[in-house]
Amino acid sequence: MNYFALFNLTPSFDVDKATLAATYQQLQKLTHPDKFATASERDKLIALQKNAQVNDGYQVLKTPLSRAEHMLELRGVELQHEQKTMQDGAFLMQQMEWREQLDEAQHASDPLEALESLDDEVAADIKRLLSELGAFLEQSDEAANENAANLVRKLKFLFKLRHEIEIKEDALSDF
Amino acid sequence: MALLQIAEPGLSAAPHQRKLAVGIDLGTTNSLVATVRSGQAETLGDNNNQHLLPSVVSYTADNVVVGEQAKRDASLDPANTIVSVKRFLGRSLNDIRSSYPDLPYDFDESNPNSPLLNVTGRQVNPVEVSSEILTALRLRAEQVLGEELSGAVVTVPAYFDDAQRQGTKDAAQLAGLKVLRLLNEPTAAAIAYGLDTAQEGVIAVYDLGGGTFDISILRLSKGVFEVLATGGDSALGGDDFDHVIVKYFRQQLGLEGTLSKRLHRVLLDKAKFAKETLSDKNSVTVDFADDEQKTLSLSISRETFEGLIADLTKSTLRACRRALKDAELEKDEVLEVVMVGGSTRVPYVREQVGEFFGQTPLTSIDPDKVVAIGACIQADILVGNKPDGEMLLLDVLPLSLGLETMGGLVEKVIHRNTTIPVAKAQEFTTFKDGQTAMMIHVLQGERELVDDCRSLAKFTLRGIPPMAAGAAHIRVTFQVDADGLLNVMAMEKSSGVQAEIQVKPSYGLDESQISDMLKASMQNATGDMQARMLKEQQVEAARVHEALQAALNADGAELLSAAEIDTIQASLVVLDTAGKNDDIDAIKQAISAADAASQIFAEKRMDHSIKKALAGHTVDSI
């Protein structure tokens, strides 16, 4: 399934969020099962399946990381089920450092502040990698695709780390 | 915009006759039915103009009584008078006992995952009890409106899981209702308020009913109601306020040990009375007779009551905070806060919610009626009375769906707050040579361990072709429809074998039990069931025929070859003939033959309508 095509977009890492959202609403009005409430059972099922694709497509295209993954997938680079180990030593060192900081944050004098400053650092790194990713995805030769795939792998680590920071923050702020 | 209307195949075909549709709020404590009449959404009353129907069902030797009369029986015959049955839907006996240890009912122990209640002379399950309430509302609507109903939208707490939703839908079907949609209660309330004020922006719906609490965050824009996040607790509500008051009474009066069923019921009634009175007054005195006929009396102040419910209220606010975070919003981005459910009449709850969101919550529509009102507006649209209506609801999955993996862990397949309908596929492989079957366990919830999530179903994939370990690729697709109900399909990819699935729900009733109940109810019903079923099939045949002919006229020439058109036309001739005769099976067969002949055409039309509309959009924006 090419979600860019479904949303009538040229495949690109830069997606105009407002256009995407407007197209999403338009597709919803065309495919939502409620618009087929009086239709035959078969037509209802077709609407249901198409609408599920619209919902999934919107999620994939809305989020930069999944959008990049989808672009690579359309170029034949499959990242979903791979079991590849990270080769970048410097990146792994940085990871370990941050994980230590995460574990130690709860013993800091102000644990929430410690977590927030760690989160800021990771967020800045995510921003930097996303812009590099965009540049590689603009080219589409094999080497650029491989570089882009590597960045996607790294970004997955970082998003996971951010999620874990968030869980700790939640625990501290009495959820 | 005109392009959009061309693209709605199901709706544009026939001229419309006004149909009767209702919205039903099946509440823990009270239920309501509403409809749109002469453009006005309104709840319907009984002969005494009472709109709220107490959700109480009382069983006597030869009769079933629902509502006010049954409620009066509750303290006289507590074991045979089922109160707040909604709390039992889709729940195991263990769940029920641990949440509500003091229930006066006699449960049958034989099947703890599908609990049965022993009442005078019979056994009933929670689905049947709920269906009695729904039947009473259906009869009321038919009596007031003077016609049979075409369909109903039935509301459920947003936080209801799959088993609870399925139980509700089963109950509605058993009550003889055509369910157009299960609608989340807070979304229904948002429709009622949203269409009332016509504001655009983010609204929070705080819904504290008798037995459930929901918080939903929605964005309203151009007729689209998009739920951004939902949260809550399907076992927290005003009934819990009553229980903490009962506990307080017992402590103050030294009533220890096990109470008689009668005294427990009396205490609960008095607690409810005290709670309601404290909404207007600063203190209240209750008195009642204990089992020795001694009169006991006790006062409780509003301050004491507020102290008792502080923790419960706080936990609702915690859920509000979580929902805002899930929606990626700050409190000050919320335009309006809407209060729903009888328990939001408690001043302390209003104060606390107001303080949390930093604004006075809206209470202008009766909190008891607002859900039914919203539901009937949606029912009116779904049944086809407003074919050009722009309103659309985008709801979300309230709780994550996952699968059991090695070591009793749960792997999430679809995350909570994902917009529905949604379909996600997951691939599995065999771990033994020649393995032909595989067990799959579906769970719902946010926790990591299987034991902490709710088991929805276990099923076995059979008929996998024997292969080396790891060679088979079984693709399991989870599909959640607009009602929030899950459907599972499986297929072995390399051979294309559609694996057989036997889904056995972990809680509640399986399909054969439901169909047995339906059959039994039909046998009891008056009138000729056979004739009714035939009529239904003939109507369906006519509908399929008309829609397909209209589709052919509109797009046949553009999308199909002459030969393809001929094939479909031939199936229509067969369908037409079958529809005029009275062989039910032949009609069914002709419908599925016409469906099969036009399957690809229908898919092409859907894609074509999308392309056309989006191309139109591009032209518009240039």
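**Cores, a kinked helix and an interface**

Q: What makes the largest nonpolar core a core, and which residues have the most contacts inside it?
A: The term stands for a set of buried Ala, Val, Leu, Ile, Met, Phe, Trp, Tyr and Cys residues joined through side-chain atoms within 4.5 Å. Here the largest such set has 52 residues, and Phe7(A), Val122(A), Leu133(A) and Leu137(A) have the most contacts inside it. A second, separate core has 49 residues, including Ala204(B), Tyr248(B), Ala319(B) and Tyr348(B).

A word on the source: this is a predicted model, where local features need pLDDT of at least 70, side-chain atom pairs count only at pLDDT 80 or more, and totals for chains, interfaces and linings use all residues. Residues are numbered from 1 along each chain as its sequence is written, chains are lettered from A in the order in which they are written, and side-chain values use heavy atoms, with hydrogens and water left out.

Q: What is Val122(A) in contact with, leaving aside its neighbours within four places in sequence?
A: Contact means heavy atoms within 4.5 Å. For Val122(A), the partners are Trp98(A), Leu158(A), Leu161(A), Arg162(A) and Ile165(A).

Q: Why is Leu267(B) called buried?
A: Buried means under 20% relative accessible area, exposed over 50%, and partly exposed in between (1.4 Å probe, protein chains only). Leu267(B) has 0% relative accessibility, so Leu267(B) counts as buried. This residue lies in helix α9 (residues 261-277) of chain B; helices are DSSP runs (H or I, at least four residues), numbered from the N terminus. Beyond four places in sequence, Leu267(B) touches Val246(B), Phe249(B), Arg250(B), Leu255(B), Leu259(B) and Phe288(B).

Q: How does the reach of helix α10 of chain B compare with the expected value?
A: The expected span is 1.5 Å times one less than the number of residues. With 25 residues (302-326), α10 reaches 35 Å from its first C-alpha to its last, close to the 36 Å expected.

Q: Where is the kink in α10(B) centred?
A: The bend at a residue is the angle between axes fitted to the seven residues ending there and the seven starting there. In α10(B) there is a kink of about 45 degrees, centred on Ile309(B). Ile309(B) is also one of the buried residues of this helix.

Q: What area do chain B and chain A bury between them?
A: Buried area is the accessible area (1.4 Å probe) that two parts lose on being put together, summed over both. For these chains that is about 4100 Å², 59% of it on carbon and sulfur atoms. Pro421(B), Met606(B) and Leu614(B) supply 15% of the area that chain B buries against chain A, more than any other three residues.

Methods. Helices (H or I, at least four residues) and strands (E, at least two) are DSSP runs, numbered from the N terminus.
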